[in-house]
Amino acid sequence: MSVDADERPVRCLVAKVGLDGHDRGAHVIARAFRDAGFEVVYSGLHRAPEEVVQAAVQEDVDVLGISILSGAHNTLVPKVMDGLEAYGALEDTLVIVGGIVPDDDEERLKAAGVAEVFGPGTPMAETVDFVRANLPERA
Amino acid sequence: MVGRDADADATDAAGTALSDRDATLVESLLAGSHRALARVISRIEDRAPGYRAIVSALHDHTGSADVIGVTGSPGAGKSTLVDKLALALRDRGDTVGVVAVDPASPYTGGAVLGDRIRMASTVGDMDVFVRSMSARGQLGGLSMATADAVTALDAFGKDVILIETVGAGQSEIDVVRTADTVAVLVQPGAGDDVQTLKAGILEIGDVFVVNKFDREGAERTRAELEAMVHRRDERTESSHPTGHHGPGAGRAAGAADDGYGATDPTDDGHRADDGDEAGSSTWTPPVVGTVAETGEGVDALLEAFDAHATALRDSGELASTRRRRHAAAIRTLIRADVGALANDAIAGHGGVDALAARVRRGETDPYTVAAEVVDPIERCVERAIDGEPSGSPGPDADPGADRPSEKD
């Protein structure tokens with residue numbers, strides 16, 4: 001068995017929040033994370049923020065990737081962040097957002113604790129590298 | 001990262017004492033913190049340093065939960081059924097834990113754990129705690145990790161714990177065997193499906209479920225299953241059904257590397273034990289039809305689970321089932337520890353690659369190498385047992401003598 005087997009795999013939740021049904025991006029990133037050796041929990045479509053929080057807490061993920069293409073990120077993402085905070089899970093969860101987010105909104109999301117926002121066309125490797133480089137330290 | 005085994009060893013050498021941090025974690029779990037429960041399960045899954053002390057500390061608080069395993073071929077509807085079961089259990093006031101095990105890629109170690117997608121009926125209800133686990137390719141470690149996760153959920157106070165896994169392969173079968181009650185799921189019209197079940201999975205079912213019961217061929221599948229269950233019962237009554245475990249193979253391996261030989265005889269003894277217990281059972285597995293999608297038949301299935309739980313208690317089998325589970329846990333732990341010792345010994349000989357290279361150059365052969373590596377471990381064991389004659393520890397004799405009759 002290789003040495004890699006001894007390393008703790010990165011656990012992540014790929015979540016679709018809100019009412020948009022565009023899950024191609026979520027599928028592609030879930031697959032890319034899997035191929036990078038991550039353990040990926042996929043939420044399925046149309047999740048409410050509190051459902052995403054529940055899944056992230058129960059699955060004890062290192063990374064939460066939120067995919068939003070509905071434009072409702074300003075409403076939904078902060079709710080997720082607040083939920084994580086309520087469970088004391090915010091500081092050791094790396095939250096990233098994928099989707100179409102205007103620059104101004106990106107600043108707001110980052111102020112709310114989102115680590116990075118990835119727009120359309122971001123190479124998969126870039127996202128994977130970002131996650132690897134920014135994994136929260138586990139207490 | 002340093003080798004996990006080495007870390008675990010270091011901690012274990014200091015005994016099963018909890019570090020302060022872990023003691024706080026255990027305390028919060030027992031106080032009902034979901035986050036602590038989730039973190040404990042992560043530590044268990046990671047085999048993180050100190051996890052044994054955590055499980056050990058939780059052990060005192062367990063024993064109250066009913067543990068139900070759900071298995072079946074891919075696409076049979078396991079996740080959907082587990083979702084509906086969780087909902088029905090919540091309706092009658094039980095709190096629920098779910099451990100969903102999915103395979104991992106043997107190439108990257110990565111996994112997409114998709115069971116959660118279908119578990120949507122109870123979202124927003126934290127009294128249903130769903131945890132996805134991946135197989136991570138650990139030999140025998142999966143069932144151990146699952147059992148430990150169940151311990152954590154039990155200690156947390158969950159009334160019913162559902163373990164869900166695909167019914168293919170020995171490790172998955174070992175996983176559901178950590179449950180008190182095992183449900184095997186089949187979909188209709190799959191004569192072949194029922195056929196494939198014969199290979200190992202039929203034997204472990206306490207309740208059979210024909211899911212998607214509204215589909216064509218459902219009644220026929222149920223009839224086939226019932227016929228098969230009855231054949232199984234006849235066979236169980238007439239002889240020890242242990243032949244399929246292939247004790248011969250286990251024995252050959254045990255004889256070859258003496259270092260591990262000590263664990264194998266108990267293993268076979270345990271398996272023979274299984275047969276006895278199944279033989280004395282009066283439980284005939286019912287076959288229940290369900291439509292998980294709509295929830296139809298789920299209540300009847302719960303009743304079947306309850307009936308099995310009652311039968312287990314009344315016949316005293318619950319005690320033996322749990323004893324068997326503890327025996328399996330002890331064995332797995334010891335095997336893992338001895339395996340870690342063996343890894344250290346291999347490292348002491350310059351690593352497995354160097355040894356393989358020597359074999360490749362024709363300087364030695366794998367058997368000699370194994371004997372060289374294991375020899376010091378063997379001598380330590382002999383010294384510890386003190387006075388025992390070398391080579392064959394006591395228990396070896398008994399199952400060995402039993403074996404010929406098992407094969408008949």
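Ser67(A), in strand 3 of chain A, is the bridge partner of Lys16(A). That pair belongs to a set of five bridges joining strand 1 (residues 11-16) to strand 3 (residues 63-68) of chain A, and the two strands run parallel. Helices (H or I, at least four residues) and strands (E, at least two) are DSSP runs here, numbered from the N terminus. Two strands are said to pair if DSSP finds at least two bridges between them.

A word on the model itself: this is a predicted one, where local features need pLDDT of at least 70, side-chain atom pairs count only at pLDDT 80 or more, and totals for chains, interfaces and linings use all residues. Residues are numbered from 1 along each chain as its sequence is written, while chains are lettered from A and ligands numbered from 1 in the order in which they are written.

Strand 3 of chain A also runs parallel to strand 4 of chain A, with six bridges between them. Along this pairing, Val63(A) stands opposite Leu94(A) of strand 4. Strand 4 of chain A is mostly covered, with six of its six residues buried (buried means 20 or more other C-beta atoms within 10 Å of the residue's own, exposed 12 or fewer, partly exposed in between, with C-beta atoms placed from the backbone). Leu94(A), Ile96(A) and Gly98(A) point one way from the strand, Val95(A), Val97(A) and Gly99(A) the other way. In a regular strand the side chains alternate between the two faces of the sheet.

Zooming out, six strands make up an open, parallel sheet in the order 5(A)-4(A)-3(A)-1(A)-2(A)-3(B). Its edges are strand 5 (116-118) of chain A and strand 3 (111-113) of chain B, each pairing on one side only. Neighbouring strands of the sheet are turned by 25° against each other on average, direction ignored. Helix 1 (residues 24-35) of chain A packs on this sheet, touching strands 1, 2 (39-42), 3 and 4 (94-99) of chain A as well as strand 3 of chain B, and its direction makes about 175° with that of strand 1 of chain A. Axes are lines fitted to C-alpha atoms, for helices over the stretch in contact, and angles run from 0 to 180 degrees between N-to-C directions.

Chain A as a whole has five helices and five strands, running β-α-β-α-β-α-β-α-β-α from the N terminus on. Its radius of gyration is 14 Å, close to the 14 Å that the globule rule gives for 139 residues, so chain A is as compact as a globular protein of that length (the radius is taken over C-alpha atoms, and the rule is 2.2 Å times the number of residues to the power 0.38). Of those 139 residues, 47% count as buried.

The contact between the chains takes 30 residues from chain A and 30 residues from chain B, two residues being in contact if their C-beta atoms, placed from the backbone, lie within 7 Å. On the chain A side, helix 2 (49-59) is among the elements that each supply at least two residues, and helix 2 of chain A gives the largest share, seven residues.

As for confidence, the predictor gives the complex an ipTM of 0.87 and a pTM of 0.78. Chain B averages a pLDDT of 77, with 73% of the residues scoring at least 70; pLDDT is the predictor's confidence in each residue, from 0 to 100. Over residues 392-408 of chain B, pLDDT stays under 50.
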